[in-house]
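I wanted to look up how the two chains meet in this model. My notes follow in the order in which I checked things.

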Amino acid sequence: MNLVNAKQNAFIKFVSFTNLMKDYRQKLIDLGFIPGEKMKVLTSKEDGFITVLLRGTRLAIDNESASKILVKEEK
Amino acid sequence: MSYKSYTICLTGNPNVGKSSIFNNLTGLNQHVGNYPGVTIEKKEGFFVKNEYKIKVVDLPGIYSLSATSDDEIVSRNFLLEEKPDLIVDIIDASNLERNLYLYAQLKELDIPIILAMNMMDMMESNGTILDLKKLEKDFGILNVALVANKNIGTNGLIDKIIEVLSTSKNDKKEIFPIDFGEEINDFKTKIKNFILQDKNFSKSLPLDFLALSLMTEDEYTLKRISSLPNYENIVSFIKNQKNSILKKYDEEIEVIIADKIYSWIDKILESILSQNNIKKKNISETIDKIVLNKFLAIPIFAIFMYLMFKFTFTCSLPFVILFEKIIDNISKFLNNTVSIEIIRSFLVDGLVAGVGGVLGFFPLILFMFFSIAFFEDTGYMARAVFIMDRVMRKFGLHGKSFASMIIATNGCGVPALMATRTIEDKKDRLSTLLVTSFMICGAKLPIFALIIGAFFDAKSAPNIMFLMYLISIFLALGSSFLFRKTIFKGESSYFVMELPPYRIPLLKSLLLKMWQRGCQYLKKAGTIVLFVSMIIWFGLTFPKVKEANLINLSNEEIRTVKLENSFIGKIGNSFEPVLKPIGFDGKIGIALITGIFAKELVVSTLGTIYSLGEIGEDDEEGILKDKLKKDPFWNKKKAITFLIFCLIYMPCIAFASVFYKEAGELKWLLFLIFWTTFLSYIISFFVYNLLNI
C-alpha cells in the first residue's frame with residue numbers, strides 16, 4: 001500500500017518509491033526513507049493531513065508525494 | 001593589537017537554534033553579508049576573544065549536502081567553496097538521529113567540526129541522558145552542551161572554538177570512521193584514483209567528499225569535474241559500477257550509503273544514550289491531532305490569524321495614539337519656537353510630517369512582529385505552512401509559497417522574495433514571486449492603518465484590516481491560478497517538511513525578534529523616508545507663489561494655488577485625468593508616485609501635503625488622520641478604493657530590483673509591473689464606480 005492509505009497510529013515499514021524525481025528521492029533518502037525503516041503514522045489522510053514519525057522526527061508530507069511512497073503495515 | 005583572524009560557520013538542520021547561537025556569539029557585532037555571485041542573505045558577525053578575532057557566518061539550514069533548493073545550494077557552496085577554518089554544526093540534542101546525518105557528511109570535508117549540542121534542557125526533560133565525554137573520547141567527536149535560548153554554554157563554545165583553532169591541523173586519524181563496506185570503499189578509491197590521474201586537478205574539493213558525491217551522480221560534483229580530460233571515462237565508470245551494485249544488492253547506491261550512515265549513527269547513539277524512567281506524554285502529537293484535523297485545521301488557522309490581527313490592532317492603539325500625540329507636540333513646539341518661516345516649514349512640514357507620519361505607526365509594526373514571532377516560536381507557523389499547502393496547491397502554489405507570503409506580511413517583500421529559494425520547482429517559484437507583491441508588508445501597513453483609522457471607527461477597524469488581508473490573499477491565489485492555467489502550466493512540486501515540537505516561547509526571544517525586525521523599519525524611516533520627505537517638501541514648496549498673487553484669496557484658495565504651482569503639484573495634476581475615473585486627485589497621485597520608492601512614503605507624502613496646506617493662523621493643527629477626515633474631498637468610498645489601489649499597485653523599487661534578481665529575466669519584471677498596474681486600475685475602477693451606484 002502507499003502512505004496515503006496508512007491509518008493513524010499505525011506502525012509501518014518503508015518499502016520503496018514509485019515515480020519520484022531524483023532530487024526528491026535523494027531528499028527523502030537523506031531524511032531516513034530507507035527500505036525496512038520503521039515509522040509511525042501520527043496523523044493520516046483520513047483524519048486530515050499526513051504526518052509520520054521517522055527517526056525521531058515528525059515529517060509532514062503532501063498527499064501527492066505520499067501516494068508515491070510504498071509502505072507495509074507492521075503487525 | 002593585531003589579531004589572529006579566522007572564519008567559522010554555523011550550520012545545521014533547520015530549526016535547531018542557529019540564529020540564537022549566532023546572536024549569543026556575536027552580540028551586536030553583526031551585519032548582513034554580501035557575497036558576490038550568490039543571492040541569499042547570510043548573516044555575518046564577529047567576536048573577539050584574547051588575540052583571536054573570529055568571523056562567524058550563519059548559514060541557512062540544511063539536512064544534507066545533496067542540496068536541491070537554492071537556499072540549500074548557498075549553504076552547501078559556502079561549505080565547499082569558501083572553506084571556513086572551522087564548522088560549528090548545531091544539533092538539536094533532543095533529536096540526535098536526524099541531526100547527526102549532516103555531521104556524517106560534513107566530516108568528509110576535512111574541516112575541523114565542533115558539535116554544538118543545543119536544546120539540552122529539552123533532551124533532559126524527555127528523560128534522555130547523553131554521555132558527551134564518551135562521544136568525544138570514544139568517537140572523536142568534539143562537542144559542547146548548550147541551551148542557546150537561555151544563553152547557557154556560550155562561553156564554553158567560545159573556549160572550544162579557540163581551543164580547536166589554536167591546535168595544529170595535522171592529520172588526526174579518525175577514531176570511528178563510517179564503515180561503507182568493502183565494495184563502496186573500493187568504488188570510492190577507484191574514483192579518487194581516476195581524479196588524481198589529472199595532475200593539474202585542483203584539490204579544491206576534498207577527495208573523499210568528491211568521490212562519495214560522484215557515486216550518487218550529484219549534479220554539482222559532476223559539474224565540478226567536467227573539465228577533467230577523463231571526465232567521460234569517470235562518468236561511464238560510475239554508471240557501470242552503480243549498475244553492478246544495483247544488480248548485486250537490488251538496492252541503489254544512494255540508499256546503501258544513507259543506510260551505512262544511519263547504521264554508524266545508531267552505533268554511536270547506542271553507546272552514548274540512555275533513558276531514565278521519566279515517561280513524558282508527547283504533547284506535540286496530541287496537539288497535532290487537533291490542529292491538523294481535516295475539519296478543524298482551516299478554522300483553527302483562520303481563528304489564529306484573526307486573533308493575531310485583533311491583538312495587533314487593539315493592543316497597539318493606545319501606543320499609536322501616544323506616538324501621534326508626541327509627534328503632534330513636536331510640530332507645535334517647532335511652530336512656536338522656530339521663527340524663520342522656511343526653516344520652520346522644512347522642519348514641520350518636511351521632516352516631522354514626513355518621517356513622523358511613518359514613525360507614528362512604529363508601535364503597530366512592533367505588535368505585528370511580536371505576534372508573528374509568537375506563532376513562529378510556538379511551532380505553529382510550520383503547521384500553518386503545511387495546512388496551507390493543500391489550499392495553495394489548488395491555486396498552483398506550494399506550501400512554502402505561503403511561508404513567503406507570511407514573511408512579506410512579517411515586514412518586507414524583499415526577504416519574502418528571497419525565501420522563495422526554498423521552493424524547488426521553477427514554475428512554483430515564479431508564480432510565488434509574482435504574487436508576493438500583493439501581500440500587505442510592513443511598509444503598506446501604515447497606509448492601511450492611516451486610512452482605516454481616519455474613516456472607520458475603532459470597533460470596525462480590525463475587521464476592515466482583516467478584510468484587506470483576505471483580499472490580498474484572494475488576489476494572490478487568483479493570480480497564481482490564472483498563471484498556472486496559462487503561462488506556467490504543469491503540476492506543483494512535492495512538499496516534505498519537518499514539524500518542530502511545540503514549545504512555549506520565551507518572552508526574551510520574542511522581544512528580540514520583534515526589536516530586530518522593528519529596527520529595519522526604523523532604519524528605513526531614518527534613511528529613504530527622510531531623504532524622500534526632504535525632496536517632497538522641496539517639490540511642494542517651490543517655486544514660491546508671489547505674495548501679490550495671493551491677495552484677496554481665501555485660505556483654501558491659497559492652499560490650492562500654492563500646491564498647483566509647485567513642481568510636484570504640476571506632476572500630480574498631469575496624472576489627474578488618468579486618476580479621476582477611480583476617484584483620485586493630483587494629491588493622491590503624488591503620494592502614489594512616491595510610494596513606488598517605498599510604500600511608507602505614501603503616508604509621509606500625504607503628511608507633507610496636508611501639513612503644507614496649513615498656512616493661516618486659523619487653521620487647526622492636528623494629526624494627519626484628522627486632516628484627511630476633515631478634507632471634503634475624501635469619503636469612505638474613496639478610502640476603500642484607495643486602500644485597494646495601494647494593496648495592488650506596482651511594488652516599490654527595492655522589491656522590483658530583488659524580484660528581477662530572483663526571477664532572473666527582465667521579462668518577468670516587466671510582466672509584474674504590467675500585471676500589478678493593470679489589475680490595480682481595473683479593480684479600483686470597478687470598486688469605486690460600484691460603490692457610487
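The model is predicted.

Entry one, charges across the contact. By that cut-off I find six salt bridges between chain B and chain A. One that I looked up joins the side chains of A:Arg55 and B:Glu97, with N to O at 3.0 Å. On the chain B side, I list the elements that give two or more residues to the contact with chain A: helices H3 (96-106), H11 (253-272), H12 (283-291) and H16 (380-394), and strand S10 (496-498). I sorted the residues on this side of chain B into 21 charged, 16 nonpolar and nine polar.

Entry two, extent. I count 38 residues from chain A and 46 residues from chain B in the contact. The buried area between the chains comes to about 3600 Å², and carbon and sulfur atoms give 54% of this area. I also find 23 residue pairs in polar contact between chain B and chain A, both residues at pLDDT 80 or more.

Entry three, strands. Strand S4 of chain A (residues 57-61) pairs with S10 of chain B in the antiparallel sense, over three bridges. I note A:Leu59 opposite B:Glu498 of that chain B strand.

For chain B I get an average pLDDT of 85, and 94% of the residues score at least 70. Residues 31-40 of chain B fall below 50, and I find 18 contacts for this stretch beyond near neighbours in sequence. Residues 615-620 of chain B also stay under 50, with 12 contacts beyond four places in sequence.

Conventions: Residues numbered from 1 in each chain as written. Chains lettered and ligands numbered in written order. Heavy atoms only, no water. Contact = heavy atoms within 4.5 Å. Buried area = accessible area lost by both parts, 1.4 Å probe. Salt bridge = Lys/Arg side-chain N within 4 Å of Asp/Glu carboxyl O. Polar contact = N/O pair within 3.5 Å; in protein donor to acceptor, adjacent residues only side chain to side chain. Helix = DSSP H or I, 4+ residues; strand = E, 2+ residues; numbered from the N terminus. Nonpolar A, V, L, I, M, F, W, Y, C, P; charged D, E, K, R; others polar. Pairing = 2+ DSSP bridges. pLDDT = per-residue confidence, 0-100.
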